[in-house]
Protein chains: 4
Amino acid sequence: VTKTFPETARAEAEALLRCVARARSRGWCEGTGGNFSVVVSRKPLQLLVTPSGADKADLRTQDLLLVGADAAPAEGWSGRPSDEAPLHVAVAERTGAGAIVHTHSVWGTLLGERFGASGGFRIRGYEMLKGLAGVRSHEQEIFVPVVANSQDMAELGAAVRRELAARAGLAGLLIAGHGLYAWGAGVAEARRHLEIFEFLFEVVGRRASLEPFTG
Amino acid sequence: VTKTFPETARAEAEALLRCVARARSRGWCEGTGGNFSVVVSRKPLQLLVTPSGADKADLRTQDLLLVGADAAPAEGWSGRPSDEAPLHVAVAERTGAGAIVHTHSVWGTLLGERFGASGGFRIRGYEMLKGLAGVRSHEQEIFVPVVANSQDMAELGAAVRRELAARAGLAGLLIAGHGLYAWGAGVAEARRHLEIFEFLFEVVGRRASLEPFTG
Amino acid sequence: VTKTFPETARAEAEALLRCVARARSRGWCEGTGGNFSVVVSRKPLQLLVTPSGADKADLRTQDLLLVGADAAPAEGWSGRPSDEAPLHVAVAERTGAGAIVHTHSVWGTLLGERFGASGGFRIRGYEMLKGLAGVRSHEQEIFVPVVANSQDMAELGAAVRRELAARAGLAGLLIAGHGLYAWGAGVAEARRHLEIFEFLFEVVGRRASLEPFTG
Amino acid sequence: VTKTFPETARAEAEALLRCVARARSRGWCEGTGGNFSVVVSRKPLQLLVTPSGADKADLRTQDLLLVGADAAPAEGWSGRPSDEAPLHVAVAERTGAGAIVHTHSVWGTLLGERFGASGGFRIRGYEMLKGLAGVRSHEQEIFVPVVANSQDMAELGAAVRRELAARAGLAGLLIAGHGLYAWGAGVAEARRHLEIFEFLFEVVGRRASLEPFTG
């Protein structure tokens, strides 16, 4: 058995790679940080996910790995998927997302650290909120959950699943001192959500240096 | 009837797309944020405007939509123009501008939020002010109006028209928590005004973290 | 008489254009801000200088204008050189510089504003100071003069000449609320000085938000 | 005797140049700042190192210089290696690193200045710490030594050697008011460490403007 690239997902995989390149150029994937996936099939659940420890500047479509609901490589596939593939699976299962992006930005790291103890923070009053699916007005308040970080992927996955079960309609969440998970129906929406969250994090972070911000 | 691209406006349309690309690369059009237009004719008023919900990184000249004074697609044109097309029409009618740009930057968002209650803020003392049409000296003070945000385009359009009627010679204004509208006789001037405003917003925003700024 | 490009200066002119492009990409020439020159001959003094009001993103070597010690176009040359050409002449005459760059950065604007009243500020303790010609140690203190801004080029030129006469060995100075003039023996050194000053301005500006900075 | 490029090191040399270009584009090598090396052989120790005073934007593989354990050009090689080549030798000898990078960032400069008196600072709690070799958890604390700056390379080299001898497993250190030295088994790891340190420095630096930071 040798690996076969799921051709039906090629366009989305190429879109994912463009999304990765853009995130890389913004400084959201420093080192080998960040991981990204697209859902290839629902039953059984299969995702193409970025490999573990890859410099995102050098990534090609053929470096993506097909994994199943156990986050392990599918039959015929070798290589090591991102250590955080279980979190991608958790998001895909709980939200029905078709694409999932995970990035490490400076502002996301700082806000995750700052609001880790309170479990998250609210954002309200910005037009850019409307870039998140389901938000129709700048007056609609969103809550950005902050989940405690862990090196135990089972524990972290369970925490993410609990958060997703408790709050409907989320487009993303932070892991404290770690980074953002954002997702969407496909790569275009996930990429949009990523940029909207990062924009809002920068607004909120810089606002805190202009005046007190309590979330 | 099928759409016919207004060839007399092609050079300006191409210049507009270069302006969009530059704004995108600066982080002023995150998500699908921002919208842009050029005036094609005055009588009747017609504008080429960017489509609703487009990722500005992928935009081509042929994606622009011709709209009339009602902000609806012209005869033979289909597709959905930016939801904010009525504001472009308002600016074009009131100011005689030939090109209009609307962007969402972090500093514009923060300053719009901060000075929304007071209706705007003054900027004075910077050489870069001379990049705005009609400003001859760094000592000439400008006022940047901040209009309250609304999801009702008729209401927002009326507020923008009132502001434009009340103050002659504006080159731009902010919508609170939302972003900048800037314009000029053509794309070159609108682009210049955009960059000048964004530069000044960053100066004013960073100055506020160095010392009190009261506008 | 028609204009003849001074071929002996072509390599420096091309280097100048690369320097302009790099400054543009850094946000130091927003709008149509900034102007740049190379000295073509000493006796008589002739410089190639960027034209007035040009978007620096579109500039080509053939857009440069040859001017004399009166900052007016040389015989056979038409077009309008930068309004600040007299300042380039002043720097070239007083310092013997072979290339002069003038940029508008956010940090340079803020520091020029802040230290305008005191006539300048000192920088000391940074390795990057060694990037300025004549500085051999991070412990060597430099003084960055800040000259009051003026729209009268004769007045501003006289102020710059006084400053240059009073202080030997300067590699640059600020005009308050306006921007940086930096220069060097040729384009390579002027470009290096530009980057060193801008780096140090950002260090000094950000330091002021971490702790009091009194210059 | 004429110089012969060590072909076994060509791939690493090309990777180093890509690392230089990336660091340049991030603003970590302003002016002619920064220097970079790869180890070519261990016995005798030989490194390819960037030349003194080079604009990193123009650098090509053939500009690298082969130096020995005395940091002087190898037999048949002319040109002037970076003045800081002795520090590269010190790091290569003490740590066994295969690639060494030295950059000047704004945040590295500010943190080096701030924590110079206390000899360094601790970082803890960030997922990105795991990008450093040997760090397995965000809860693992690292110490970033800050060595006093000196223009005497023998003195500075001795200080670096003392620091490296005193602390096992370092991936980098700061020189006060000067910049970062980072290294790794090869260019890929050194580049990763560079980006991780710079990311963490920005996080720590910006955090200090949000709340007190005492290291």
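Which residues in H2(A) meet which residues in H4(A)? Start there. Bear in mind that this is a predicted model.

**Stop 1: two helices in chain A**

Select residues 85-95 of chain A for helix H2, and residues 153-166 of chain A for helix H4. From H2(A), pick out Pro86(A), Leu87(A), Val89(A), Ala90(A), Val91(A), Glu93(A), Arg94(A) and Thr95(A). Their partners in H4(A) are Met153(A), Leu156(A), Gly157(A), Val160(A), Arg161(A), Leu164(A) and Ala165(A). By type, the residues of this contact split into 10 nonpolar, two polar and three charged.

Now look at the geometry. The axes of H2(A) and H4(A) come within 9 Å and cross at roughly 20 degrees. An angle under 35 degrees counts as roughly parallel, and H2(A) and H4(A) are therefore roughly parallel to each other. The crossing of H2(A) past H4(A) is right-handed.

**Stop 2: a serine in chain B**

Move to Ser82(B). The loop that holds Ser82(B) lies between strand S3 (65-67) and helix H2 (85-95) of chain B. Is Ser82(B) buried or exposed? Its relative accessibility is 8%, so Ser82(B) counts as buried. Next, show the side chain of Asn35(B): a polar contact of 3.2 Å joins it to the side chain of Ser82(B). Leaving out residues up to four places away in sequence, Ser82(B) touches Asn35(B), Val49(B), Thr50(B), Pro51(B) and Ser52(B).

**Stop 3: an arginine in chain B**

Stay in chain B and select Arg136(B). Arg136(B) sits in the loop between strand S5 (120-123) and strand S6 (142-147) of chain B. With 65% relative accessibility, Arg136(B) counts as exposed. What does Arg136(B) contact, beyond its neighbours within four places in sequence? Lys130(B) and Gln151(C). Then draw a distance to Gly120(B), 16 residues from Arg136(B) along the chain: their C-alpha atoms are 22 Å apart.

**Stop 4: a covered helix in chain C**

Go to helix H3 of chain C, residues 106-114. How many of its nine residues are buried? Seven are, and the helix is mostly covered. Colour the buried ones: Val106(C), Trp107(C), Gly108(C), Thr109(C), Leu110(C), Leu111(C) and Gly112(C).

What do the buried residues of H3(C) pack against? Within chain C, select strand S5 (120-123), strand S6 (142-147), strand S7 (172-175) and helix H5 (187-210).

**Last stop: whole chains**

Zoom out and show chains A and C. They do not touch, and their nearest C-alpha atoms are 9 Å apart. Switch to chains B and D. These do not touch either, with nearest C-alpha atoms 9 Å apart.

Methods. Residues numbered from 1 in each chain as written. Chains lettered and ligands numbered in written order. Predicted model: local features only at pLDDT ≥ 70, side-chain atom pairs only at ≥ 80, totals over all residues. Heavy atoms only, no water. Contact = heavy atoms within 4.5 Å. Axes fitted to C-alpha atoms, helices over the stretch in contact; angles between N-to-C directions. Helix = DSSP H or I, 4+ residues; strand = E, 2+ residues; numbered from the N terminus. Parallel < 35°, antiparallel > 145°, perpendicular 65-115°, else oblique. Left-handed = near helix turned anticlockwise from the far one by under 90°. Nonpolar A, V, L, I, M, F, W, Y, C, P; charged D, E, K, R; others polar. Buried < 20%, exposed > 50% of the residue type's maximum accessible area, 1.4 Å probe, protein only. Polar contact = N/O pair within 3.5 Å; in protein donor to acceptor, adjacent residues only side chain to side chain.
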